[in-house]
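Here is a short briefing on one protein structure. Keep the sequence and the 3D view at hand while reading.

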Amino acid sequence: MKNLTKAVLFTAIMSVSIGFQARSQRLFDGVPENLQFENKLIESLFSADAGTSIDIKFSQNFHISGIVKSNQKIYDNLQTIVIEASNYSKAKLFISKIIDDDKTVKYVGRIISRASQDGFEIKGSIAGNCSLKKISLQDMIVE
């Protein structure tokens with residue numbers, strides 16, 4: 001009975017340890033902290049239907065390939081698209097297109113994965129450019 005208890009305890013400790021390691025991996029280590037790109041790179045995504053394959057080349061060394069999971073126009077001035085990446089462990093790319101009262105278009109979003117501790121925040125500017133800034137999901141989650 002003692003050996004069985006030890007085996008169960010060992011298995012439980014290993015499971016917790018492996019689960020913690022999986023949650024703490026960094027998915028985007030090979031990608032720079034900040035990237036700049038033009039709005040036109042993501043404008044066409046908002047006409048893609050669910051199930052469409054896409055490939056977005058943010059820089060020479062960083063691109064997202066995947067499938068559009070949803071594309072919803074929630075309000076007249078807000079549309080959100082969700083893309084599941086096939087090349088980054090099924091990370092999700094969420095991008096929202098916001099149209100202000102003066103008809104200015106802005107883009108915001110995130111690239112995140114449940115299995116990693118890093119991701120990206122997408123911020124748009126009025127000048128027609130967007131940026132990707134690396135974020136730490138551990139810093140954002142309050143336990």
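The protein exposes about 9300 Å², and carbon and sulfur atoms supply 53% of that area. Of its 143 residues, 34% count as buried. The structure is a predicted model, with an average pLDDT of 81.

**Confidence**

- A pLDDT of at least 70 is reached by 78% of the residues.
- Among the elements, strand β4 (residues 78-85) has the highest mean pLDDT, 96, while helix α1 (residues 2-23) has the lowest, 44.
- Over residues 1-23 the pLDDT is below 50, and this stretch has six contacts in the model beyond near neighbours in sequence.
- Where pLDDT is low, the predicted coordinates should not be read in detail.

**Overall layout**

- The protein contains three helices and eight strands.
- Along the sequence, these elements follow the pattern α-β-α-β-β-β-β-β-β-β-α.
- Of the contacts between residues at least 6 apart in sequence, 39% join residues at least 24 apart.

**The sheet**

- Eight strands make up an open sheet with antiparallel pairing, in the order β1-β8-β7-β6-β5-β4-β3-β2.
- The edge strands are β1 (34-38) and β2 (53-59), each of which pairs on one side only.
- From one strand to the next, the twist averages 25 degrees.
- Strands of a sheet pair through backbone hydrogen bonds, either parallel or antiparallel.

- Strand β6 (residues 105-112) and strand β7 (residues 118-124) pair in the antiparallel sense over four bridges.
- β6 and β7 form a hairpin, with five residues between them.
- Two positions in this pairing can be located in the 3D view: Arg110 has Glu121 in β7 as its bridge partner, and Ile111 stands opposite Phe120 in β7.
- β7 also pairs with β8 in the antiparallel sense, over seven bridges.
- In that pairing, the bridge partner of Gly119 is Ile135 in β8.
- In a regular strand the side chains alternate between the two faces of the sheet.

**The nonpolar core**

- The largest nonpolar core has 28 residues.
- Which of its residues touch the most other members? They are Phe28, Phe58, Phe62, Tyr88, Ile95, Ile111 and Leu132.
- At least two core residues come from each of β1, β2, β3 (62-75), β4, β5 (92-99), β6, β7 and β8 (129-136).
- Ile111, opposite Phe120 in β7, is one of the core residues that touch the most other members.
- Ile95 is another of these residues. Leaving out residues up to four places away in sequence, Ile95 touches Ile42, Leu45, Phe46, Gln79, Thr80, Ile81, Tyr107, Val108, Gly109 and Ile122.

**Two loop residues with positive phi**

- Lys90 is found in the loop between β4 and β5. Its phi is positive, about 60 degrees, although Lys90 is not a glycine.
- Is Lys90 buried or exposed? Lys90 has a relative accessible area of 56% and is therefore exposed, the cut-off being over 50%.
- Lys103 is found in the loop between β5 and β6. The phi of Lys103 is near 70 degrees, again a positive value in a residue other than glycine.
- Lys103 is exposed as well, with a relative accessible area of 66%.

Conventions: Residues are numbered from 1 along each chain as its sequence is written. This is a predicted model: local features need pLDDT of at least 70, side-chain atom pairs count only at pLDDT 80 or more; totals for chains, interfaces and linings use all residues. Side-chain values use heavy atoms; hydrogens and water are left out. Two strands pair if DSSP finds at least two bridges between them. Axes are lines fitted to C-alpha atoms, for helices over the stretch in contact, and angles run from 0 to 180 degrees between N-to-C directions. pLDDT is the predictor's confidence in each residue, from 0 to 100. Contact means heavy atoms within 4.5 Å. Buried means under 20% relative accessible area, exposed over 50%, partly exposed in between (1.4 Å probe, protein chains only). Accessible areas come from the Shrake-Rupley method with a 1.4 Å probe; for residues, only the protein chains shown count as cover. A nonpolar core is a set of buried Ala, Val, Leu, Ile, Met, Phe, Trp, Tyr and Cys residues joined through side-chain atoms within 4.5 Å.
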